[in-house]
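Student: I have not looked at this structure before. Could we go through it by question and answer?

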Amino acid sequence: MRQFYSVQYLRAIAALSVVYHHAASKAGLPTFASAAGVDVFFVISGFIMWTVTENREQTPGQFLWHRVARIVPTYWLYTFLLLAMVSAGLTQQTGITFGHMLGSLFFIPCHSPDGQPYPVLYQGWTLNYEMFFYLLFSVALLAGKTIRLIAILTTLSLLTLIGTLISSENVIVRTYTNPILVEFGFGLLLGYSTKRVDIGRTLSRSLVATGILGFALVSVATIDQPRLLSWGVPAALLVFGGVFYETSGNVVQLRIPRILGDASYSIYLAHTFVVSALFRVVGQNRYGFVIAAVVASAIVGVISYWLIEKLLLKLARRKIVFPFVTKAQARTNLIAVSSPEGIALQMAFVRSPPQSERGLGSRGGPMGRGSRPSNGNQPFGQ
């Protein structure tokens, strides 16, 4: 399968932009459109989910368990770490209830004790959307590709329409009728289009430039716009342009951005710990603090990816995913089985994901590729 370095690089940028957003917020500096890194992730998530399943048959159960193995272990680890810190009085966060903790662990939107609609680990609110999208996508796997696309897009559009027409104080209703869901649909459309449309490099560059310009305008605009328009559309243009540019030709392989893309999920989960710790040490130097927070979060995220995330994923796949996928079934999904590489992959399947996923990945967390198999091109989800 095609290896999309552009997606990997965008994941790295998205993760670091979220880090900047939280650090700049603490320092009282302008955040611009940095929080839109989440929107970029959502578009990428839709694209990756479509791409990794388009030519590889999976049952809904296999797909869901694979997503659980990818997302849950590392998220739970950092959630329990925060709970331990709260119990020890090491953070300002207090008053976590049992119901709030369960809702956080099982991706059920709920209010925190102080009335905020966020899980214990704040950034986990995005994973509530990811898991909902995975559930919806798994059901749609029962249909053919075109019907699958239409069904998901229709469902996302109807939920958004309901959220527009009906005002509800219920946190679950508000979450799953939020227009941000449409951003996953943007990614699905991109995944469906890449093998069917070639817009050329000039138009692709124009899409990237328009997306960047959109973010720039939103950063300085004083008019309040819905998130889907202000951040979702520019995010979609950016991802569309990057992917279509790469389908029209090669993209330069940059090692460090690719590694950061692999580690983007760990960066996303770990960065709040890094930002909070650094703020206590160098918070008085606002600019120095923000720079240190971004750099340190990247380093800690990469270390977490190598030492924690990959290990947990390996253990989760061995214990959870393999019972749902027999060795014989897995072999039929491998690419180039007649080649020496394909034969080696067959022999090592129990310990490794199929080649179709090593390119567009389920190990890398929210995009990766390289001359060697990469763990990337996962939404952090992805």
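Student: Which exposed residues does the face of H9 turned away from its buried side carry?
Tutor: This is a predicted model, and a residue counts as exposed when its relative accessible area is over 50%. On the face of H9 turned away from the buried side, the exposed residues are Thr202 and Val220.

Student: Where around the axis of H9 do the buried residues lie?
Tutor: The buried residues in H9 include Ser204, Leu207, Gly211, Gly214 and Phe215. Because they cover an arc of only 95° around the axis, they are on the same side of H9. Part of what covers the buried residues of H9 is helix H10 (227-247).

Student: How far apart are the end C-alpha atoms of helix H9?
Tutor: Helix H9 runs over residues 200-220, which is 21 residues. At 1.5 Å a residue it should span 30 Å, and the distance between its end C-alpha atoms agrees with that: 31 Å.

Student: Which residue forms a salt bridge with arginine 70?
Tutor: Side chains of opposite charge can pair when their charged atoms come close. Here the closest N and O atoms are 3.0 Å apart. The pair links helix H3 (residues 60-87) to helix H13, across 239 residues of the chain. Both partners are buried, and the partner of arginine 70 is glutamate 309.

Student: Are arginine 258 and aspartate 262 buried or exposed?
Tutor: The two side chains meet in a salt bridge of 3.8 Å, N to O, and both residues lie in helix H11 (residues 255-262), 4 residues apart, about one turn of the helix. Buried means under 20% relative accessible area. Arginine 258 has 14% and aspartate 262 has 6%, so arginine 258 and aspartate 262 are both buried.

Student: What is the relative accessibility of glutamate 169?
Tutor: Glutamate 169 forms a salt bridge with arginine 174, with the closest N and O atoms 3.7 Å apart. Glutamate 169 counts as exposed, and its relative accessibility is 62%.

Student: What is the accessible area of the nonpolar patch that holds Trp306?
Tutor: Tryptophan 306 lies in helix H13 (residues 286-321) and is partly exposed, at a relative accessible area of 47%. The patch on the surface also has Ile291, Val295, Ile299, Ile303 and Leu307. Together, its residues have an accessible area of about 630 Å².

Technical notes:
Residues are numbered from 1 along each chain as its sequence is written. This is a predicted model: local features need pLDDT of at least 70, side-chain atom pairs count only at pLDDT 80 or more; totals for chains, interfaces and linings use all residues. Side-chain values use heavy atoms; hydrogens and water are left out. Patches are made of residues with over 30% relative accessible area and no salt bridge: like charges are joined within 9 Å, nonpolar side chains (Val, Leu, Ile, Met, Phe, Trp, Tyr) within 5 Å. Accessible areas come from the Shrake-Rupley method with a 1.4 Å probe; for residues, only the protein chains shown count as cover. A salt bridge is a side-chain nitrogen of Lys or Arg within 4 Å of a carboxyl oxygen of Asp or Glu. Helices (H or I, at least four residues) and strands (E, at least two) are DSSP runs, numbered from the N terminus. Buried means under 20% relative accessible area, exposed over 50%, partly exposed in between (1.4 Å probe, protein chains only). The expected span of a helix is 1.5 Å times one less than its number of residues. The arc is that of the directions from the helix axis to the C-beta atoms. Contact means heavy atoms within 4.5 Å.
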